[in-house]
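Hi,

Here is the structure I promised to send over. Have a look at it first, then read on for what turned up.

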Amino acid sequence: QVQLVESGGGLVQAGGSLRLSCTASGTVFGFREMYWYRQAPGKQRELVADEITGGSTNYAEDVKGRFTISSDNAKNVYYLHMNSLKPEDTAVYYCNALVEMGDGATWFGWGRGTQVTVSS
């Protein structure tokens, strides 16, 4: 079984930075696909950033130039580096990944989320 756990959320002032981590535990041999989503109160969950291993990286328009997704497959963790944070970035951030489990098996699932609050 695989679990994804987010960490690194918190309260930060506008203009500040945070680094979110998504750590996979269990039978994991790296990430094939990595996603970060967020959900603000009263709004639908939205895709913030994604990276396909060996392929493309994509960002939502309102985070381009401010957020960066990266990964360390050796440690089974990937990150969302968030700079120049704005109050409208306030949300629960979720990681979602397609994980390699070895022998061609994969697992696709979600973490439970971490709260990011940006004060003005």
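Predicted model: local features only at pLDDT ≥ 70, side-chain atom pairs only at ≥ 80, totals over all residues.

Now for Arg38. With 3% relative accessibility, Arg38 is buried, the cut-off for that being under 20%. Arg38 makes a salt bridge to Glu46, where the closest N and O atoms are 2.7 Å apart. Glu46 itself is partly exposed, with a relative accessible area of 35%.

Arg38 also meets Asp89 in a salt bridge, at 2.9 Å from N to O. Asp89 is in the loop between β8 and β9 while Arg38 is in strand β4, so this contact ties together parts 51 residues apart in sequence. Asp89 is buried as well, at 1% relative accessibility. Zoom out a bit and you'll find Arg38, Glu46, Asp62, Arg66 and Asp89 linked in a network of salt bridges. Across the whole structure, the search finds six salt bridges.

On the nonpolar side, the largest core has 30 residues, and Leu4, Tyr78, Leu80, Met82 and Tyr93 have the most contacts inside it. Elements giving two or more residues to this core include β1 (2–7), β4 (31–39) and β8 (77–82). Strand β9 provides the largest share, five residues.

Cheers

Definitions and conventions. Residues numbered from 1 in each chain as written. Heavy atoms only, no water. Core = buried A, V, L, I, M, F, W, Y, C linked by side-chain atoms within 4.5 Å. Buried < 20%, exposed > 50% of the residue type's maximum accessible area, 1.4 Å probe, protein only. Helix = DSSP H or I, 4+ residues; strand = E, 2+ residues; numbered from the N terminus. Salt bridge = Lys/Arg side-chain N within 4 Å of Asp/Glu carboxyl O.
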